[in-house]
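I opened my notebook to record what I looked up in this structure. Entries follow in the order I made them.

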Amino acid sequence: MTTAAPEQTEGTDETAEQEPWAARTPEPSEVPRASGTTGVRPPPAERNTVIRRRELAAFLRSRRERITPEQVGLPRGPRRRTPGLRREEVAQLSAVGVTWYTWIEQARAAHVSAQVLDAVARALLMDPTERAHLFALAGTADPRTEAECPVASKTALKVVRRLAPYPASLQNARYDVLAANRPFAQLFGDPAVLPPADRNCLWLLTTSERWRRDFLDRDEMLRDLIAKYRAAMAEHVAEPAWKQQLNRLLGVSAEFRELWERHEVAPMSPHVKRYRHPVVGLVRLEHRNMWLAPQAPAHRVVAYLPADEESEERLERLAELPDERPAG
């Protein structure tokens, strides 16, 4: 059976020769079969792939049709009938071949690279939510995802502050500390005085002399946190920020490398840990996670609640002490 060529569009395909990743012509086996060509029902994985391609195509068409030429610096022209932009205009703006972009909008592209998705998202002026949806539909990791710690919302910051005298912090899925209240800084050290790359619980638990000294269950905590990080990373293995953090830890600590190579995984669960403060003494705290959103970026408030009356009294005493700003 001969596969029909994609419909012709206006404009040229000169960019296809300039960008090899944009000019690749899909193999016949990559093109979804037309319905009714065979009586054999495709397996579930193939059906899911076809559905995902169609959703991606429909989403791109809807975004293309809502962008006016004026928004992207193109002349409207007197004979424009297409709502929004034409396909060749999107291809031109994103430096993608017209033919290849057409295949994507016709749900006939087997795999769309992160570079193409990034370029198209920029050309169509997508906001962060639309961009995340685009990459999710394509089944491709966004190379820009959480490259830097995002700014915490005012609501989240208020929750963290109001939990005093209990220590609390706002963290993302990689255990970056995005914000912390005063009791957290007094008990664990102030993350604000550290370089941004070091404001991470896994990094501090691995490298900080203070955490090694004051966290009485430090060895157990490190093993548990590495297992949780491995479990969480399964959904982010292609994301640069996750890989960069992992490589940094592997490079700095033989202890981390040995534990990582065990391939242990662990779920998020409440647990009680012991901390020793040089002034108020032993404090036993239970970790509790409060998730702020059901989807990425998965930010959570981590509250450290006293496990007994003595620990609660010592946290109240800690709140009366003057601030300290240790180096961690």
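Which residue follows H5, and is its phi positive or negative? I found Ala107 after H5, with a positive phi near 60 degrees. I note here that I am working from a predicted model.

Next I checked H5 itself, residues 98-105. I found seven of its eight residues buried, so H5 is largely enclosed by the rest of the structure. I listed the buried ones: Val98, Trp100, Tyr101, Thr102, Trp103, Ile104 and Glu105. The cut-off I used for buried is under 20% relative accessible area.

Then I turned to a helix pair. I described it by the angle and the distance between the axes, because two packed helices are described that way. I took H4, residues 87-94, and H6, residues 114-123. Their axes come within 8 Å and cross at roughly 115 degrees. H4 and H6 are therefore roughly perpendicular to each other. I logged their crossing as right-handed.

Which residues make the contact between H4 and H6? From H4 I noted Val90, Leu93 and Ser94; from H6, I noted Ala119, Val120 and Ala123. I sorted the residues of this contact into five nonpolar, one polar and no charged.

Last, I looked up the whole protein. I counted 15 helices and five strands. Of its 328 residues, 44% count as buried. I also looked at contacts between residues at least 6 apart in sequence; 59% of these join residues at least 24 apart. The protein exposes about 17900 Å², and carbon and sulfur atoms supply 52% of that area.

Key
Residues are numbered from 1 along each chain as its sequence is written. This is a predicted model: local features need pLDDT of at least 70, side-chain atom pairs count only at pLDDT 80 or more; totals for chains, interfaces and linings use all residues. Side-chain values use heavy atoms; hydrogens and water are left out. Axes are lines fitted to C-alpha atoms, for helices over the stretch in contact, and angles run from 0 to 180 degrees between N-to-C directions. Helices (H or I, at least four residues) and strands (E, at least two) are DSSP runs, numbered from the N terminus. Angles under 35 degrees count as roughly parallel, over 145 as roughly antiparallel, 65 to 115 as roughly perpendicular and the rest as oblique. A crossing is left-handed if the near helix is turned anticlockwise from the far one by less than a right angle, and right-handed if clockwise. Contact means heavy atoms within 4.5 Å. Ala, Val, Leu, Ile, Met, Phe, Trp, Tyr, Cys and Pro count as nonpolar, Asp, Glu, Lys and Arg as charged, and the others, Gly among them, as polar. Buried means under 20% relative accessible area, exposed over 50%, partly exposed in between (1.4 Å probe, protein chains only). Accessible areas come from the Shrake-Rupley method with a 1.4 Å probe; for residues, only the protein chains shown count as cover.
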